[in-house]
Amino acid sequence: VQLQASGGGLVQAGGSLRLSCIASGSSRSLNRMGWYRQAPGKQHELIASITNGGSTNYADSAKGRFTISRDNAKNTVYLQMNSLKPEDTSVYYCHALLGLMNYWGRGTLVTVSS
């Protein structure tokens, strides 16, 4: 499974960005897709995930500001990020779970200026 993420960039505090991640290479539905992030000097953290049935999970830091969604027909997961804060600055990684196998995309950098 290959994951291709896009949508990162530079935005001012209070702005919005939408990340996209397209999965390819599997004919099976991915059990769960999601987004993690890792800032310099900080731990890798789960931001949001969504199952193939549509159940979602969010980190406390993302609740109320970020929305994860998924288009199963397109094998794509999205992360709509609103009300961005400088502390959201990080490299965001797309993740997919297929059976017991974890797959990671290359990160996309999100920079939020104050």
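Cys21 finds its bridge partner in β8, where Val77 takes that place. The model described here is predicted, so to speak of local features a pLDDT of at least 70 is needed, while side-chain atom pairs count only at pLDDT 80 or more and totals for chains, interfaces and linings use all residues. Residues are numbered from 1 along each chain as its sequence is written, and side-chain values use heavy atoms, with hydrogens and water left out.

Strand β3, residues 17–24, runs antiparallel to β8, and the two pair over six bridges. Strands here are DSSP runs (E, at least two residues), numbered from the N terminus, and two strands are taken to pair if DSSP finds at least two bridges between them. Both β3 and β8 belong to an open sheet of four strands, ordered β1-β3-β8-β7 with antiparallel pairing. At its edges lie β1 (2–6) and β7, each of which pairs on one side only. On average, neighbouring strands of this sheet are turned by 15° against each other, direction ignored. For such angles, axes are lines fitted to C-alpha atoms, and angles run from 0 to 180 degrees between N-to-C directions.

Turning to the charged side chains, a salt bridge is a side-chain nitrogen of Lys or Arg within 4 Å of a carboxyl oxygen of Asp or Glu. Four salt bridges are counted by this rule. To describe their surroundings, a residue is called buried under 20% relative accessible area, exposed over 50%, and partly exposed in between (1.4 Å probe, protein chains only).

One of these contacts joins Arg65 to Asp88, with 2.7 Å between the closest N and O atoms. This pair links distant parts of the chain, 23 residues apart: Arg65 sits in the loop between β6 (56–58) and β7 (66–71), and Asp88 in the loop between β8 (76–81) and β9 (90–98). Arg65 counts as buried because its relative accessible area is 10%, and Asp88 is buried because its relative accessibility is 0%. Through shared partners, salt bridges join Arg65 and Asp88 with Arg37 and Glu45 in one network.

Within that group, the side chains of Arg37 and Glu45 meet in a salt bridge at 2.8 Å, N to O. Arg37 has 6% relative accessibility and therefore counts as buried, whereas Glu45, at 31%, is partly exposed.

A further salt bridge connects Lys63 and Asp60, whose closest N and O atoms are 3.2 Å apart. Here, Lys63 and Asp60 are both exposed.
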